[in-house]
Structure formats: C-alpha cells, structure tokens
Amino acid sequence: VNAGLIPPSLNGVPVRPKEPPKYGKRHRGKVSEVIYDCFGDFRGFVLEECCSEHFTIECREPSIGELALRASRERLWLTVLTDEKTGKICEIRISGR
C-alpha cells in the first residue's frame, strides 16, 4: 500500500462501524437458581423456561448477579439474548409477566 495515495483528512482515520452481534439463542423464563463459586463470587444463573426446560447462563458480572437475585425474589420474567458465536449475554429484557 502506498501511503501517498491516501488523501489527507481533518477528521482522522475513518472508523468502521462495529458489526452488531448476531443473536444466537433467545431464552425466556424465570430465574430458578443463582450460582456462586466457593469464594462467594457470582458464576451465573439458571433460567427455567416453559415445559420445565432449564438453561444455565454463565456470567461473572456482579451487576448481572444482582439482577438475577432480584428477578428470582420478585418472580420476574427474563428474556436473555446471547451472541451466536461466543454464547455471551448480549441483552437482557425484564418484564413482570
């Protein structure tokens, strides 16, 4: 690549927009368990879906742990959307029904 062919810009290097994550799975249900490790650190939670299906969501983010505890106590419905490639949480939606 010849750097002389690149025109000058007052705005700096153009930034490519990040590709939004492609949601892999969508799980909807209520929190039936909150999981901690032997040191008391949050590890994830179990979401109970209709028809008694369970899905374990692994996460070490303390704020997600607080959300999982509240959802469990108040019997809130959670919808968890995960990344197609990594399985990490992309989005959590909360509803009362």
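## Salt bridges

A salt bridge is taken here as a side-chain nitrogen of Lys or Arg within 4 Å of a carboxyl oxygen of Asp or Glu. By this criterion, a search of the whole structure, which is a predicted model, finds 3 salt bridges. One of them joins the side chains of D37 and R60, with an N to O distance of 3.2 Å. D37 lies in the loop between β1 and β2, and R60 in the loop between β3 (54-58) and α1, so this pair ties together parts that are 23 residues apart in sequence. D37 is buried, with a relative accessible area of 17%; buried means under 20% relative accessible area, exposed over 50%, and partly exposed in between (1.4 Å probe, protein chains only).

E74 forms a salt bridge with R70, and their closest N and O atoms are 3.1 Å apart. Both residues belong to helix α1, where a spacing of 4 residues separates them by about one helical turn. E74 is partly exposed at 43% relative accessible area, and R70 is partly exposed at 44%. The side chains of E91 and R93 also meet in a salt bridge, at 2.4 Å from N to O. E91 is partly exposed, with a relative accessible area of 23%, and R93 counts as partly exposed at 47%.

## Basis of the model

Residues are numbered from 1 along each chain as its sequence is written, and side-chain values use heavy atoms, with hydrogens and water left out. In this predicted model, local features need pLDDT of at least 70 and side-chain atom pairs count only at pLDDT 80 or more, whereas totals for chains, interfaces and linings use all residues.

## Overall architecture

The protein contains 1 helix and 5 strands, arranged from the N terminus as β-β-β-α-β-β. Helices (H or I, at least four residues) and strands (E, at least two) are DSSP runs, numbered from the N terminus. Of the 97 residues in the protein, 24% are buried.

Contact means heavy atoms within 4.5 Å. Among contacts with a separation of 6 or more, 38% are between residues 24 or more positions apart. The protein exposes about 7700 Å², of which carbon and sulfur atoms supply 52%; accessible areas come from the Shrake-Rupley method with a 1.4 Å probe.

## Nonpolar core

A nonpolar core is a set of buried Ala, Val, Leu, Ile, Met, Phe, Trp, Tyr and Cys residues joined through side-chain atoms within 4.5 Å. The largest such core has 12 residues: V31, F42, F45, L47, I57, C59, I64, A68, A71, L76, L78 and V80. Two or more residues of this core come from each of β2 (42-48), α1 (62-74) and β4 (77-83).

Not counting residues up to four places away in sequence, F45 touches several residues, including V31, I57, I64, A68, L78 and V80.

## A buried histidine

H27 is found in strand β1 (residues 23-36) and is buried, with a relative accessible area of 7%. The side chains of H27 and E49 are joined by a polar contact of 2.7 Å. A polar contact is a pair of N or O atoms within 3.5 Å; within protein, one must be able to donate a hydrogen and the other to accept it, and residues adjacent in sequence count only if both atoms are side-chain atoms. Leaving aside neighbours within four places in sequence, H27 is in contact with L47, E49, F55, L78, T79 and V80.

## Backbone at R75

R75 lies in the loop between α1 and β4. The phi angle of R75 is near 55 degrees, a positive value in a residue other than glycine. Most residues other than glycine have a negative phi. R75 is partly exposed, with a relative accessible area of 44%.
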